[in-house]
Amino acid sequence: MNEFIISTCSTADLSREHFDKRDIKYVYFHFEIDGKDYPDDLGDSIPFKKFYEMMAQGAMTRTSQVSIGEYVEFFEPFLKEGKDILHLALSSGISGTFNSASVACEQLKEKYPDRKIYIVDTYAASAGLGLVADKLADLRDEGKDIDELHDWVEKNKYYVQSWFFVSDLKYLVRNGRVSKAAGAIGNVLNICPLLNIDREGHLCVKAKVRGKNAVMKAQVKKMFELCENRTDYNNSCFISHSDCYDDARAVADMIEAQIPALKGKIKLFDIGTTIGSHTGPGTVALFFWGDERTE
């Protein structure tokens with residue numbers, strides 16, 4: 001039996017089945033839609049399709065991170081069982097949850113001085129965070145201990161490549177990532193921005209592409225330019241989407257056509273209600289191991 005647990009939060013956007021299969025523990029963020037609060041519980045409280053339909057119809061959303069007290073309540077039962085903790089936090093460039101988890105960690109270390117608690121700022125989000133958790137589950141299953149896993153993730157987290165596109169700029173406008181004027185012009189011109197997560201974990205617009213088909217090709221091109229071993233890539237590849245499975249499947253098909261080792265192995269997940277509250281429906285996000293992020 002493992003003497004430590006790997007944990008993360010619901011913003012890793014993996015399915016419940018995948019979390020359970022890989023024995024990755026998770027804690028819920030929270031969201032509000034039309035003034036009512038819900039846990040970001042992997043689609044149980046509100047199915048993802050319904051959530052994105054409500055957003056498309058104009059429902060307003062807000063999100064809130066895991067509080068210090070909630071982290072204490074989440075971590076403490078594992079510590080009581082005599083287990084150490086390696087927790088992977090959503091990027092500090094997007095959320096303050098890393099700080100909350102770190103404060104909870106310091107409080108619990110006073111109570112459980114013999115236990116190890118590592119809180120990692122992954123500088124990743126959505127299934128990119130899930131990609132990191134999944135890799136650490138592989139290393140754990142190979143027999144590596146918690147210290148080896150912690151060293152590995154701190155050295156390798158900058159090699160996660162994350163590339164997104166959004167179909168409707170109004171959600172980026174709402175969250176202040178695109179100005180109202182630019183959003184209005186962009187929607188008229190059918191602009192689909194291509195974004196990535198930089199070295200410090202911030203979401204950045206990298207290109208303004210006209211048309212969904214063109215931005216999908218641009219997204220896939222980034223993978224071919226940046227993934228490890230290029231067309232011989234055989235590591236994990238995750239794609240998450242917000243109620244646009246066909247678009248996500250099309251991106252996967254384009255990748256598989258040029259990287260044969262990935263055929264049938266790319267995993268598709270739903271973007272959850274926390275991340276989706278900010279990106280809106282019609283978002284496809286691609287995650288893979290590649291060149292180190294330097295900027």
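Ile6 counts as buried, at 0% relative accessibility (buried is under 20% relative accessible area, exposed over 50%, partly exposed in between, with a 1.4 Å probe and protein chains only). Ile6 lies in strand β1; helices (H or I, at least four residues) and strands (E, at least two) are DSSP runs numbered from the N terminus. The model is predicted: local features need pLDDT of at least 70, side-chain atom pairs count only at pLDDT 80 or more, and totals for chains, interfaces and linings use all residues. Residues are numbered from 1 along each chain as its sequence is written, and side-chain values use heavy atoms, with hydrogens and water left out.

**Surroundings of Ile6**

- Leaving aside neighbours within four places in sequence, Ile6 is in contact (heavy atoms within 4.5 Å) with Asp23, Ile24, Lys25, Leu86, Leu88, Leu136, Ala137, Arg140 and Leu149.
- Between Ile6 and Glu295 there are 28 Å in space, C-alpha to C-alpha, and 289 residues in sequence.

**Parallel sheet**

- An open sheet is formed by 4 strands in the order β2-β1-β6-β7, with parallel pairing (two strands pair if DSSP finds at least two bridges between them).
- β2 (24-27) and β7 are the edge strands with a single partner each, so one side of each has no neighbour in the sheet.
- Direction ignored, neighbouring strands of this sheet are turned by 25° against each other on average; axes are lines fitted to C-alpha atoms, for helices over the stretch in contact, and angles run from 0 to 180 degrees between N-to-C directions.
- The parallel pairing of β6 and β7 spans 5 bridges, and Asp121 in β7 is the bridge partner of Ala89.
- Helix α3 (residues 68-80) lies across β1, β2, β6 and β7 and runs at about 150° to β6.

**Helix α6**

- In helix α6 (residues 146-156), the buried residues are Ile146, Leu149, His150 and Val153.
- These residues are on the same side of α6 because they cover an arc of only 100° around the axis, the arc being that of the directions from the helix axis to the C-beta atoms.
- An α-helix has 3.6 residues a turn, so residues three or four places apart point the same way.
- The packing partners of the buried α6 residues are β1 (4-9), β6 (84-89), β7 (117-121) and α5 (126-141).
- The N-terminal end of α6 is capped by Asp145, with a side-chain oxygen 3.1 Å from the backbone nitrogen of Asp147.

**Antiparallel strands**

- β3 pairs with strand β4 (residues 36-39) in the antiparallel sense over 4 bridges, with Ile33 opposite Lys36 in β4.
- The β3 and β4 hairpin has 2 residues between its strands, and Asp34 in the turn has a positive phi of about 50°.
- β3 also runs antiparallel to strand β5 (residues 61-64), joined by 4 bridges; Thr63 in β5 is the bridge partner of Phe31.

**Cysteines**

- The structure holds 0 disulfides (a disulfide is a pair of cysteine sulfur atoms within 2.5 Å).
- For Cys204, the closest cysteine sulfur is that of Cys192, 19 Å away and too far for a bond; Cys204 is partly exposed, with a relative accessible area of 21%.
- For Cys244, the closest cysteine sulfur is also in Cys192, 11 Å away and too far for a bond; Cys244 counts as buried at 10% relative accessibility.

Technical notes
Polar contact = N/O pair within 3.5 Å; in protein donor to acceptor, adjacent residues only side chain to side chain.
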